[in-house]
Amino acid sequence: MYWFFCLSPCLQPMTSQHPDDQELLAAFKLASTRERAFTGIIKKYQEKLYWHIRRMVVVHEDADDVLQNLFIKVWKGLDNFREDSQLYTWLYRIATNECLTFLEQQKKRASISLSNEENGLSNQIAAQKNFDGKKAEWKLQLAMQQLPEKQRIVFNLRYYDEMPYEEMSRVLETSEGALKASYHHAVKKIEDYILNH
Amino acid sequence: MNTKQHIQQELKNISPLLSNLQKQQVYTLPAEYFEVLPQQIMDKIWDTEKDSSQTPPGYFETFAGKLLERIKTEDLTAANDTPHWLSALKHQPTYLVPQHYFDAASQRMVTATIEKYDHLLKATAPATPYEIPANYFEQLPAQLLQQVATAKVVKITTAKRLLQWAAAAVVVGIMAGALYYYTQAPAAHATLMTSIEEGIKMNDKQFEEKLSNLTDEEISQYIQQYGNEADVQQITAALANEDEDDNDGDMPMSDEKLMDEIMNVLDNKTISN
């Protein structure tokens, strides 16, 4: 319970050394440390989850909305969280579902909007600050948007988050074999895109 | 080989091009975003908790008092904010409307609405499968009035009707009595037969004369002697119905006459009031 005392207002703020999930969850169960524990969970996972979301929805404001809603849902559902799975896995699963829901809603909005072209993710990438379509890193982002959503999630988790297939299987509730095949296809498609653009 | 190395090797096997690409974060985000985010999220959580959480202790007990206090305060503030001369002006009418304008306003609105949408109502009226002669409804009131005006009015006084019913009862009684005596007393048969034959031979005029010669005493005597309770009730009910029918039948009045009578009644009422 070392971290818990570190969170006390009279002591120094938390460092980059985050407490482990079990301690955070135990503190969350106590009314007196509930808020502080949850702040600890946010601080521990916010960056990883943000970038996971941002690469999916592209625009910062959208990523911010999805991330904040995600943590509000986590606050409401954490009491029912079963500790037989990892908190990290559970958070990624929620984040992935939130992204897919958001993108689905965005598609519906775009289908009734007159400005479909402007709402496309590729166009939103092109509208980003410092965008340079000739640079490989931006080409990679554009290539990723050509992938089907679930393939894009698999690529993100493997390429950027370096998630083992075993863990990814728990997040996406898909077999490891299917995930390996999906990743393979995604990489090949991205390579083709970069070579041809 | 650790996980990171394993993933890098896998990528190299699939796409050497991609494995040589340096991973860069191309997207930008606001400065200190991650520093302020936890507090923003907690604030949002408390907002949502407030929306759905229970009310503060004693909230409803003090709600009415607080509300009244606020209303008083706002009234006072409003009164203080309004200059005296402006408050006085509020109660003085600026615009005038014709007298009784609002009394008839609703009627005018209904009439105007009907006139406005009359063509729509007619256009959307459901078609009836039956046919009627052309201008049937236009001509119907005039035809009815004409029939009423030419109808024969027969006015019968109650006394005369009573007499008629009683006379009929007497005649029927005589006939029934004759039949009885004919079967029970053959000796009287000849006399009674004579009376019956005379009755049969009577024409309407003679019958009317006979009836008019009957006295009230004779009629009541007959009823007492031969009539039973059911007969009396039947006669009385028939007379009552006749009275009602006659009350209607006695008034084949034109609209003007009817209106005159109503106006007379109203005038008398007004005077008596």
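Residues are numbered from 1 along each chain as its sequence is written, chains are lettered from A and ligands numbered from 1 in the order in which they are written, and side-chain values use heavy atoms, without hydrogens and water.

Me: Over which residues of chain A does pLDDT stay under 50?
Reply: pLDDT is the predictor's confidence in each residue, from 0 to 100. Chain A averages 86, and 88% of the residues score at least 70. Where pLDDT is low, the predicted coordinates should not be read in detail. In chain A, the values stay under 50 over residues 1-15.

Me: What area is buried between chain B and chain A?
Reply: Contact (heavy atoms within 4.5 Å) joins 31 residues of chain B to 44 residues of chain A. Buried area is the accessible area (1.4 Å probe) that two parts lose on being put together, summed over both. Carbon and sulfur atoms give 67% of the total, which is about 3800 Å².

Me: Which residue of chain A meets B:Lys23 in a salt bridge?
Reply: A salt bridge places a side-chain nitrogen of Lys or Arg within 4 Å of a carboxyl oxygen of Asp or Glu. The count between chain B and chain A is 2. At 3.4 Å, N to O, the partner of B:Lys23 is A:Glu162.

Technical notes. This is a predicted model: local features need pLDDT of at least 70, side-chain atom pairs count only at pLDDT 80 or more; totals for chains, interfaces and linings use all residues.
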